[in-house]
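Let's take a walk through this structure together, one piece at a time. Have a look at the sequence and the 3D view, and then read on.

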Amino acid sequence: MKTAMSLLGSQGIFSVTEILIALAVFLLIFTVVRSFQQQIPHGLKRLPEPRGYPLIGNVLELGRNPHLSLTQMSQKYGDVMQIRIGTTPVLVLSGLNTIRQALVKQAEDFMGRPDLCSFRYIGDGQSLTFSSDSGEVWRARRKLAQNALKTFSVSPSPTASSTCLLEEHVFKEADYLITELLQQMKEKKSFDAYRYTVISVANVICGICFGRRYSHDDQELLSLVSLNNEFGDVAASGNPADFIPILQYFPSRPMKIFKDLNKRFSAFVHKIVKEHYTTFDKVNKYSEKKIVNLVNDLFGAGFDTVTTALSWSLVYLVTYPDIQKKIQNELDQTIGRERRPKLSDRLMLPYLEAFILETFRHSSFVPFTIPHCTTKDTSLNGYYIPKNLCVFINQWQVNHDETLWKEPSAFNPERFLNAEGTEINRMESDKVLLFGLGKRRCIGESIGKWEIFLFLATLLQQLEFSICDGQKVDTTPQYGLTMKHKKCDNVSLAEEASLLIAYSKNSQLA
Ligand code: HEM
């Protein structure tokens with residue numbers, strides 16, 4: 001250090017300016033040489049790339065909302081482009097056809113997960129979802145998780161009032177949620193819907209995984225699940241610390257919270273799995289650690305995504321009361337108030353279905369899939385793509401693409417209905433991209449959609465949501481792995497709610 005310092009200053013050999021100029025020239029030459037190093041096979045093109053700054057690449061252009069800035073860049077550079085975060089190249093895919101080509105038709109080439117530093121802290125680095133393993137072990141664990149979800153969701157329920165276990169758990173939790181919200185209305189005249197929904201959704205997963213539930217005041221569960229987006233901020237696509245190694249050595253509060261949260265989450269799941277093992281035989285060939293990490297994945301993926309979807313749904317319902325009325329009329333006409341909505345009612349409630357699809361599309365609350373990486377040298381749309389390249393898939397861009405959607409920024413459930421309003425137009429619904437595609441496609445898609453449908457149908461059959469007088473909901477999404485809206489603790493229930501308490505009480509855990 002002393003020697004280095006002696007090079008500086010008036011007695012040094014070089015001035016500070018000279019050293020900085022030399023450094024800049026070196027970096028420039030280094031970048032130019034490196035970009036010419038990559039050999040492009042004959043007949044293929046080099047990936048188009050916006051110009052970036054030395055050392056930081058395109059970090060500044062990514063800004064606070066990478067889904068928006070990358071959508072804008074894709075208009076100039078195309079569906080297949082490369083950016084740099086620091087000096088690390090990242091492939092960015094946009095456009096539904098291009099994404100289908102990569103993830104479905106060339107599924108094997110694009111199914112990997114990059115080895116990102118933040119992902120190593122999730123599930124002790126052994127997460128099914130985030131770890132860089134995409135080989136035989138990953139395949140077997142994914143199959144095991146898919147089978148477990150299928151068994152628990154569609155298995156017949158022991159109670160006569162539900163057709164399957166998932167229905168039974170959602171019914172029970174929706175009832176508790178309604179009681180809790182009515183109680184909050186009585187005491188405080190308004191509530192933060194997210195705070196209560198998150199416990200209900202977490203309880204459905206706990207019921208499915210462990211056969212137990214927690215009270216809405218359970219502090220341990222609350223402290224794990226009601227953090228705003230401390231997980232999603234760090235695990236989101238484009239976190240500079242994942243790509244610029246030196247940043248990992250700087251103290252970072254979000255990273256500290258993230259590490260701590262992952263540890264607490266694993267410990268929580270471990271504790272329940274252990275308790276569960278004392279009452280059930282260990283009848284599988286996987287180590288306890290592997291099971292804990294798998295349950296960790298299902299629990300983590302299951303509660304955050306579904307709660308965020310429900311929370312956005314409530315925000316749209318209070319923002320567009322006419323849409324809420326239409327859903328309630330449909331429920332009244334199709335189901336009435338004498339019985340609960342069931343999964344088998346889905347086809348008979350096209351407007352509610354269209355509302356859910358429009359909530360998915362408009363909020364695009366999972367703006368990118370979890371990052372992928374290429375498993376071998378390949379090509380896409382005539383561009384050469386090397387092995388081990390990190391890939392961002394811009395779901396938000398697809399859901400707001402003007403070539404696919406009329407007035408994409410308008411919230412309009414009708415866009416998914418046929419002319420008579422009696423059926424979902426499958427050509428339209430298939431264009432919504434929120435669960436990824438291909439070999440890494442979400443394994444909880446059906447469960448997630450069923451849960452959202454059942455919760456919304458049950459809540460809206462009994463309650464009418466509104467926003468407190470004179471208040472507005474801020475619907476600006478906050479960027480993350482899952483995007484949340486700003487905290488909103490002034491959701492309220494309309495007067496008619498009290499008329500429905502009797503029904504709600506009668507139906508409690510029937
Ligand atoms: C509305 C609800 C949900 C949404 C929007 C959603 C979305 C996603 C997305 C975008 C991915 C990444 C796909 C990719 O990388 O290409 C994913 C993966 C995953 N999801 Fe979901 N998800 C939801 C619900 C669930 C539920 C309820 C569960 C389980 C109970 C679940 C379990 C998983 C798992 C295990 C993966 C990792 C798959 C893998 O890497 O092979 N998800 N999800």
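Helices are DSSP runs of H or I with at least four residues, strands are runs of E with at least two, and both are numbered from the N terminus. Helix 17 is mostly covered, with 14 of its 18 residues buried. A residue is called buried if 20 or more other C-beta atoms lie within 10 Å of its own, exposed if 12 or fewer do, and partly exposed in between, with C-beta atoms placed from the backbone.

Two notes before we go on. This is a predicted model, in which local features need pLDDT of at least 70 and side-chain atom pairs count only at pLDDT 80 or more, while totals for chains, interfaces and linings use all residues. Residues are numbered from 1 along each chain as its sequence is written.

Now step back to the whole protein. It holds 18 helices and 8 strands, and buried residues make up 40% of its 510 residues. Take the contacts with a separation of 6 or more: 72% of them are between residues 24 or more positions apart. A contact means that two C-beta atoms, placed from the backbone, lie within 7 Å.

Next comes the ligand. There are 24 residues around it, and Gly302, Gly436, Cys442, Gly444 and Gly448 come nearest. The elements giving two or more residues to this shell are helix 6 (136-154), helix 12 (288-319) and helix 17 (445-462). To be near a molecule, a residue needs its C-beta atom, placed from the backbone, within 6 Å of it. Helix 12 supplies the largest share, 7 residues. By kind, the shell divides into 14 nonpolar, 7 polar and 3 charged residues. Here Ala, Val, Leu, Ile, Met, Phe, Trp, Tyr, Cys and Pro count as nonpolar, Asp, Glu, Lys and Arg as charged, and the others, Gly among them, as polar.

You'll find Cys442 in the loop between helix 16 (426-429) and helix 17. Cys442 is partly exposed, with 18 other C-beta atoms within 10 Å. Leaving aside residues up to four places away in sequence, Cys442 touches Phe435 and Gly436. An unreviewed UniProt entry covers Cys442 with the annotation "binding site".

On to the strands. Side chains in a regular strand alternate between the two faces of the sheet. Strand 6 (residues 390-393) is covered on both faces: Cys390 and Phe392 on one side and Val391 and Ile393 on the other are all buried. Strand 2 (residues 88-93) runs parallel to strand 6 and is joined to it by 4 bridges; here Val92 has Phe392 as its bridge partner. Strand 3 (residues 372-373) pairs with strand 6 in the antiparallel sense over 2 bridges, and His372 has Val391 as its partner. Strands pair if DSSP finds at least two bridges between them.

Finally, a backbone detail. Most residues other than glycine have a negative phi. Leu55, not a glycine, has a positive phi of about 70°, and it sits in the loop between helix 2 (16-37) and helix 3 (59-62). Leu55 is partly exposed, with 15 other C-beta atoms within 10 Å.

Conventions
UniProt positions renumbered as here; feature names shortened; annotations may be inferred.
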